[in-house]
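Colleague: I'm new to this one. Could you walk me through how to read its ligand site and its pockets?

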Amino acid sequence: MIRRGVYPGSFDPVTKGHVDVIERAAKLVDELTVGVLNNSAKISLFSIDERVSMIEEITAHIGNVKVSSFDGLLVDFMKKLDARFVIRGLRAVSDFELELQVAQSNTLVNPEVDTIFLATNLQYSYLSSTVVKEFASYGGDISHFVPEAIIDRVYEKYGFK
Ligand code: ADP
């Protein structure tokens, strides 16, 4: 049986914390799909296509990782991929309550689905896409936060070169 996992999120933009989770999750399952949520209710800095292609670029070195956008319910996306495992990262206690609710709801809807929580690498526990955008909007240094290949693309969104 092939163990398939999905790592869902907004990835607006992808951070070094996300990459760390992707690299670790790829070792836990046979096939990992990074699912980029196309949430029309949320205003994003990067378009869905930009987010997908940035993640494709920075995960190209990992053989069993695919990147795909999705909208609607995660459980439906998982069914389409025949995937059983949801991967989520936990940074702090504040992440926990909502993550637990979502995980339990998903399993209720589809008992085949299990969520695997990966504790954030201590190095990135403070890091979120929101922090990246906040720094970049003032032209601040984001080299600690996002992969090298992403830096200029974030600055460009704020009119910095
Ligand atoms: P969402 O809007 O679904 O929370 P994000 O792109 O913010 O999407 O996050 C996607 C997933 O990555 C979530 O499980 C989140 O907890 C996790 N994550 C975000 N930042 C980090 C980090 N620095 N270290 C580990 N996991 C993280």
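Colleague: Which elements each supply at least two residues of the shell around the ligand?

Modeller: A residue is near a molecule if one of its heavy atoms lies within 4 Å of it. Helices (H or I, at least four residues) and strands (E, at least two) are DSSP runs, numbered from the N terminus. Here β1 (4-9), α1 (16-25) and β4 (85-90) each bring at least two shell residues. The shell counts 15 residues, and Tyr-7, Ser-10, Phe-11, Gly-89 and Tyr-124 are the closest.

Colleague: Before we go on, what am I looking at?

Modeller: It's a predicted model, where local features need pLDDT of at least 70 and side-chain atom pairs count only at pLDDT 80 or more, while totals for chains, interfaces and linings use all residues. Residues are numbered from 1 along each chain as its sequence is written, and side-chain values use heavy atoms, with hydrogens and water left out.

Colleague: Which atoms of Phe-11, His-18 and Leu-127 lie by the ligand?

Modeller: For a polar contact, look for a pair of N or O atoms within 3.5 Å; within protein, one must be able to donate a hydrogen and the other to accept it, and residues adjacent in sequence count only if both atoms are side-chain atoms. In this model, a backbone N or O atom of Phe-11 is 2.9 Å from a ligand oxygen. The side chain of His-18 has an N or O atom 3.2 Å from an oxygen of the ligand. For Leu-127, a backbone N or O atom lies 3.0 Å from a ligand nitrogen. The protein buries 87% of the 550 Å² that the ligand exposes when taken alone (Shrake-Rupley method, 1.4 Å probe; for residues, only the protein chains shown count as cover).

Colleague: Where does the ligand sit?

Modeller: On a 1 Å grid over the protein atoms alone, a pocket is an open set of points where a 1.4 Å probe fits, with protein on both sides within 12 Å along at least five of seven lines; lining residues have an atom within 4 Å of a point. A molecule sits in one if more than half of its atoms lie within 2 Å of its grid points. The ligand sits in the largest pocket, which holds about 1,100 Å³ of space (the space filled by probe spheres set on the points, joined across faces, edges and corners). Its lining has 48 residues, with Pro-8, Gly-9, Ser-10, Lys-42 and Arg-88 closest to the centre.

Colleague: Which element gives the most to that lining?

Modeller: That's α4, with seven residues.
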